[in-house]
Each structure stands twice: as structure tokens, then as C-alpha cells.
Amino acid sequence: MSRAVAERRTLPAPSGPGMAATVVVLAILGAGVWAASDLGINVATLVDSVGNAADFARRMFPLDFPSAGELLRLCGTTLAIVVSATLLSVLLSVPAAVLAAGNTTPNAAARVGSRAAIVLARAVPDVVLAIVFIRVFGLGSMAGVLAMGLHSVGMVGKLYADAVEQIDEGPRTAVRAGGAGRSQELASGVLPQVLPAFVSTALHRFDINLRVSVLLGFVGVDGLGFAIASAFRELDYRRGMALAFVVLVLCVLAELLSGAIRRALTRAPLSRARPAPGRISPPWTPSRVRRNVYGLVAALVVLASLWGAELSPAGFVDGLSRLGTTLGLFWPPETGGILPDLLTALWVTVKIALAATLLGAVLALPIGVLAARNVAPSPRVGAVFRGLIVLIRGIPELVLAVVFVVLTGLGEVAGTLALAVGAVGLLGKLVADSLEEVDERVENAVRATGATRWQVFASATVPQAAPAFVGHVLYQLDVNIRSATLLGIVGAGGIGFYLQNASRVLEFGVVTTVLLLVFALAMAVELIAVWLRRVAG
Amino acid sequence: MHDVVTFQRVSKRFGATLALDEVSLSVPEGQIAVLLGLSGSGKSTLLRHVDGLQRASAGSVSVLGTDLATASGARLRALRRRVGFVFQQFHLVGALTVLENVCTGALGTLRGPRLGLFTYPKRVRQEALGHLDRVGLAEQAFQRADTLSGGQQQRVAIARALLQRPEILLADEPVASLDPESAGQVMGLLREISAEQNLTVLCSLHQVDLALSWGDRVVGLRSGRVVLDRQAAGLGRDEAMAVYSAVARVPAAA
């Protein structure tokens, strides 16, 4: 030892990139605080809205449900559109993923092309696609199916490609070593490994699309969303809120159902049945019967949806011939002489997203912590908070926005509060999940030293999950910027108002300008996130 | 007996590393040749050349009369059909049944992609079940592959290779992930099958004792060069161990 222990540092010297990352995170937090106060979100505003709430409740109750037949028709239409759209996205995503994944792509050009297509699909919001497709195919289901189906490829295709890249190459090599061709290699070596992830991602996207379908109703896609939009336009809050309640129930049911299916997928089916001598197909055990019944039901649901969405191939082909002319309307981008207004509105959107992310994080952190199985004070508390997160996830952001527009009046505050509450659903879940994924052995090691529950949490659980937290908050900011754009459509502030307005008065060049602005913004956030992950990870 | 595998001055380069350095080797039909050597000595690379999973940078590889320097596409797949491969990590699809994993061994003789046991012809399933019976796992045919122990999974992998009706079986450290008892079972199985079907086996191993007791011939590799090539009978344990020492010089002659 060259130096006495007493002379050496007991704290590490600060590192350059680490400091920079800390500064950026603090800057984002500071920006959130500033944005919240600048938007006038404070205790006084919240107290004011309590008064409005009583008024709102009077106009909302009793809820006015449509007749059972009408309600069934609306639910059926919405579900048919959402199932068809999700199916479309899966059908497009599988080949896109095979081309985009580094280990299955035939060549670099195909890989870059496919990745670019996936990024593009994610970059164009489904509402904008719906606006375009409604001009092409008319009001109804087709536009909704295509808009949600294409936009979903941005998420589904990316996750599918990631799943393909994460496979164990062993079985594939083994199949190739046995003389299999390329398609056999994919079917026998790759597909069985990624199938659970594929199904689980599709179900997840189905949940998201169900919520999105409400928003699409506001631009003219058939179903529950369309009925909600009509009701609110006529200030019929009793009918509107009743339908919003139906959507909430559907969303929660879908979330519970898809959660159950996803859990069943990850559990290994026990098939210990002894084969009879000479038998070469598996015996009909209860679990095999059950799996076949599920498969049959799923197939029937898909068929019923395709039929229910009333997709006409003739209408599709007819529309395609008009696609070129319609897209021509959107180019070149125009400012319509309101560029300063657009930039001001964009700035408001940024503030909404920042403030909503901050408020959402403040709400989501404690809720997520209490929902994590390994941290919650008791299993019951954990279950209650998990349930709360699922419930909030079930509420479409648009319904939240409408409620807050009524409570706090038109404008930014409504949008911010809606997104903040909505963030609890996503961010709370991510926080809870990343806490549950930490290495238990580390926690046990700290516990073994005689540490208290809080000490274990602080020195074993949090350090393992913290990098993920930062990532999740940035992801939420990214999601909020996109959502903040769209909530303007119902009058919740920001640039979305101009998006809706421009498409209504047929200034499609302005729609393109708005899109490009939002896209640039989202990319900037994405770049910051990528950089932070590299520095922190 | 004629040679089924012939390497002539084969070299393989990965960037700056020379994985195989002028390897010349002939394996006659029905022989069990064991490759010994440290990790990174070129054992796996050598085996992967026999199946055309890797291609020589220089020299020539001839397997069952096919020149691997020129074979590609359908001709390469036709050769692979005749060469079985067993891996250290078994390489089974855990989520599929044991029987379906075995059936994938027949893909080289079938057309088109397959997923699900029912997509394989009945005769393939019957034959697959027969091979599972041969390795003692017929009772587990409809279990998921990942519910089996390591030794059982390796036996499934052998059944999969047998379904190809191979003329050569390559085994890349087939027992390195197994406990000594399972390792003995798997090596015994390979030996029996080789004798029953006059099957040529090229097998890389880490354990000198296993090599001496189960192999006909021992080939030692160090840094991509053949440093030992002798009949197993009469080869002393110390002579074989010398392959692992970095300094000792072992005469490279049979």
C-alpha cells in the first residue's frame, strides 16, 4: 500500500458523462416544475374544479345508456374494428420483423428498409392516418382498421423484431445442420421460440387499440368512439359519459382477459400422460382439449370480427385508386399563414407533456412502489394498488381528457391533468414491474446483514431498478408528447387543435406541417433518451 | 474401409485468429474419433467444417464424396441430411414436445415449413417414436422438452440426429454440460449406436478418461494444429494429457 488509508478518497471522483446525465435529468425535472407552474396548475385551480365537479355531476347523472340492441351493435363494431386492425398489424409485422431482425434478415438493405418502415409507421399518429383514410375510403370501419393496423406495426413490428433477435440460435443451427431449408429453419427453429412473445405483444396492442378507437371516433371512425363524439358535440353528457363508462368496462375486461392469457402462455402445460403403445399423436388430456378450444374460439372471434367490420375488398381497391391524389393534398407542407400560432401551440404541447410527466411521476412512483410484490407492506396492499393501476390503464386518455375539460374548462390544465392521471397507469406499472424484476438474492444478502425493510429497499432494491426508472420516465415523456398532440382534438390545449381544425377546413398542407413539428419534437426526446441510456447503462 | 471424411491442409481464419492451421485428417467409415484440446483449440471449428456450417479459408474438405468448397444450396443441404450433429447445449426448442423436436430431424427430407406435430407425416412420427424408444425416452414423447433433465435432453438430441439416418454423427462436447453418470450413459449410447449402424462418429471431449474409454482414436488439437493422432488402445493417459500442456511437445504422428 503506497498511501495511508486515511489519505485516500472515500467517495469516488465525479465522472464527466455521469455528471452530464445527472444534469440533464435534473433539467428535465426543473422544466417539469416550471411548466406546471406556468400552466397555472396549482392548489387554487384544483379547488376551483371541485366546484365544477358538483356541477358536472349534475349534468352527467343519471347516465343515459342506449337500448341494449344499440349498445351491442356499438360494442360489436368497435371490437370488430379493433380485432381486425390488430390482426392486420400482426400479419404485416411478422414479415417486417423477419426482414428487420439482424439474425434472420437476408441482407443489410432489407434490414434497413424494414427498420425504416417500422419507425415511420410509429411516427405517423393513427389519428392522422385515420384522417387520410377517411378521405380515401369514406366514413366507417375500413379507415379505422387501416389506420390502427398500419400505425400498430410501429410497435408490434419493433417488438417482434426484438423477440426474433433474442432467440437462442441453437435450435436453429441444429435444424440447419439437419439439412433444412430457409423457410423450414424459420418455422421449426425460430417461430416456436417467439410464438408466446408474438401472441403476448398482439394482445397488448389489442388493449392499446381498444383505447385508441375512442379517439378515432372523434375523426369519424365508426363504433363507440363515434357515438361518444356525437353525444359530446350535442352536449349530451348523460349519453356521452354512459358510453365512456361502457368503454372503460370493455377496456378493463380486455386488460384482465389478455393478462390471464399472457400468464397462461408463460406457464408450461403439464403433459405427463404416458403415450399408449404405438400412439404417435398426443393423448387428449384436459390441457390439450382446453388449448384446442381456446384456439377455436380465437379463430371464431377473428372471423366474426372480419365479417363484423364489413371490410369490402371492392371498396378497398376503389379507394386505393384515389390514394395517390389524396396523399397529394398533404404535400407540400404549408403554414396557412399561422406559423407563429403553430409554434406557440407546439410550445404549449411541450409544457403540457413536461408538466404531465412530472405530475404523473409524482403520483406513479409511490403507487408503483406499493404495487410491487417484493416491496409492498402486505400482499393485500400490493394487490389493491395493482388493481388501481389496471383500472387507470383501462381508462382511455380521451375519456379522462373529456372529464377534465368539463371540470377545469377548455385548455391546457385539462390536458395536463388527464395525461398525469393516465401516466399512473403506464408508469406505475413499469415502476412496479422493474421493482419486481430485481435480483432477489441481492435483497436477501442485505436482509441477512440485519437491515430493516426500508434499508433493504433503499440499498438493494432501488439501486437495481433506478436506471430503469429514468428510462421509464423518459419513455412516458415521449408518450405524453404524442398524446398531448392528440388531446388538443377535444379541446384539451396544445397543437392538436390546429391538427383537427386544419383537417376540418381541408388545409391538408397545414396538417403535414403540424405532423413534421411533432415528429421533430418526438425525435429530439428520443435522442436524449438514447444518449441517457448509453451514459447511465 | 474407405475414408468418409478427408481434411487436406485446412486452415480457417477469423479476423486475426487462426482457428485451424493446416489440418490434415482422414476418418474411415465406422470409426469413433475423439477430438481433445483446450477451449479455443479449434475442435468445434473443425466439426462445423464437416457439416459445412463453416467454410475453410484454405485447403480442401471432402465429406462422403462431396467437396465442401464448392457445395452450396440444395447440394449442401443434401449432404447435411446425411450428417447428424449433436451439440453441447442440446439445442432443443423448450416450448415444443419432445417428439416434435425429434421430428425436426426429418426436415431435410420434407418439403416446406412445419410447425405442430400434426404437420409431420405419420411415418416420420412413427420413426421418431422408434428412435425415442431407442434412447429410452418413449414415455416422455409428449412432454415439453424443457421439462427434461440435461442428460435426457441430450438423448432427445441424439434421437433427432438419428432420424436423419445419418452416415456420420458429429458431437460437439456432447457431455460437457452433464453430470458424470449422464455423461457415461450418453457416451455409451453413442458407442452402441455406432456399432449397430456402422456409423462414423466425430466427437469432441474435454475429459481424457472418457476419450480413452469410449473412442477408437484420439486426435489432439492445440491452437488449431493437430498435435496428437493415435489409436486409443495403448495410448497412455499422460500422453493424452500432454495435449493440454502449453509447453510439452508431442510428436504429431500416428
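Into which domains is chain A divided? Chain A comprises domain 1 (17-61 + 330-537) and domain 2 (64-267 + 288-329), with bounds that come from an automatic or database domain assignment. The model is predicted: local features need pLDDT of at least 70, side-chain atom pairs count only at pLDDT 80 or more, and totals for chains, interfaces and linings use all residues. Residues are numbered from 1 along each chain as its sequence is written, chains are lettered from A and ligands numbered from 1 in the order in which they are written, and side-chain values use heavy atoms, with hydrogens and water left out.

**Domains of chain A**

The C-alpha centres of the two domains of chain A lie 24 Å apart. Their contact (heavy atoms within 4.5 Å) takes 35 residues from domain 1 and 30 residues from domain 2. Two salt bridges are counted between these domains of chain A, a salt bridge being a side-chain nitrogen of Lys or Arg within 4 Å of a carboxyl oxygen of Asp or Glu. R393(A) and E255(A) form a salt bridge through their side chains, at 2.9 Å from N to O. On the side of domain 1 of chain A that touches domain 2 of chain A, α20(A) gives the most, with seven residues; helices here are DSSP runs (H or I) of at least four residues, numbered from the N terminus. By class, that side has 25 nonpolar, four polar and six charged residues. In this division, Ala, Val, Leu, Ile, Met, Phe, Trp, Tyr, Cys and Pro count as nonpolar, Asp, Glu, Lys and Arg as charged, and the others, Gly among them, as polar.

**Buried areas**

Buried area is the accessible area (1.4 Å probe) that two parts lose on being put together, summed over both.

| Parts | Buried area | Share on carbon and sulfur atoms |
|---|---|---|
| Domain 1 and domain 2 of chain A | about 2,900 Å² | 72% |
| Chain A and chain B | about 2,800 Å² | 65% |
| Domain 1 and domain 2 of chain B | about 1,400 Å² | 62% |

**Interface of chains A and B**

The contact between the chains takes 32 residues from chain A and 40 residues from chain B. On the side of chain A that touches chain B, α8(A) gives the most, with eight residues. The residues of that side divide into 16 nonpolar, 11 polar and five charged.

**Domains of chain B**

Chain B is divided into domain 1 (1-82 + 166-254) and domain 2 (89-165), and 25 Å separate their centres, taken over C-alpha atoms. The contact takes 17 residues from domain 1 of chain B and 15 residues from domain 2 of chain B. R81(B), P166(B) and L189(B) supply 38% of the area that domain 1 of chain B buries against domain 2 of chain B, more than any other three residues. Two salt bridges are counted between the domains of chain B. The side chains of R134(B) and E196(B) meet in a salt bridge, with 2.7 Å from N to O. From domain 1 of chain B, α6(B) gives the most to the side that touches domain 2 of chain B, with nine residues.

Key. Helix = DSSP H or I, 4+ residues; strand = E, 2+ residues; numbered from the N terminus.
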